[in-house]
Amino acid sequence: MSQLICWLLVGLVHLIPALALFRPALITRLYGVQPDSPLFLLMHHRAALFLAVLVACIWAAFDPGGRKIATLLAGISMLGFLFLYQSYGRPAPLATIALVDLIGLIPLAWAGWHAFQQ
């Protein structure tokens, strides 16, 4: 049961960014990128990638066979962002996102540890 909860929590971390695929206005709200910016398309595509991570996490919650790859996908997403966030001097507008990813590493570590122990 703890693995199910952990995977759903990690999925929750990716839910709002994934919803930006269907509600592009979230891109401006979350990241401050305006629709007339050339970066808007890139951020919209990024939302599709977040949807892929979300689907992997939900899959892993219910299918132990998908947990190793979901651990890698979510880990690359979350740790990659945190590394880049730190490298770019921790920009204040992205602090909430960094905090959510940092907190999300706790259930990911628990679920990932169990995934690789099986």
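Reader: How many helices and strands does the chain have?
Author: Five helices and zero strands. Keep in mind that this is a predicted model.

Reader: And what pattern does the chain follow along the sequence?
Author: Reading along the sequence gives α-α-α-α-α.

Reader: What about overall size? What does the C-alpha trace span?
Author: About 45 × 30 × 20 Å along the principal axes.

Reader: How does the radius of gyration sit against a compact globule?
Author: It agrees. A compact globule of 118 residues would come out near 13 Å, and the chain has 15 Å.

Reader: What share of the residues is buried?
Author: Buried residues are 37% of the 118.

Reader: Contacts next. Of those between residues at least 6 apart, what share joins residues at least 24 apart?
Author: That share is 62%.

Reader: Switching to Thr71. Where is it?
Author: Thr71 is in helix H4, which covers residues 67–87.

Reader: Is Thr71 buried or exposed, and why?
Author: Buried, because its relative accessible area is 13%, and the cut-off for buried is under 20%.

Reader: Which residues does Thr71 touch, leaving out those up to four places away in sequence?
Author: Trp7, Leu108, Gly112, Ala115 and Phe116.

Methods. Residues numbered from 1 in each chain as written. Predicted model: local features only at pLDDT ≥ 70, side-chain atom pairs only at ≥ 80, totals over all residues. Heavy atoms only, no water. Helix = DSSP H or I, 4+ residues; strand = E, 2+ residues; numbered from the N terminus. Buried < 20%, exposed > 50% of the residue type's maximum accessible area, 1.4 Å probe, protein only. Contact = heavy atoms within 4.5 Å. Rg over C-alpha atoms; globule rule 2.2 N^0.38 Å.
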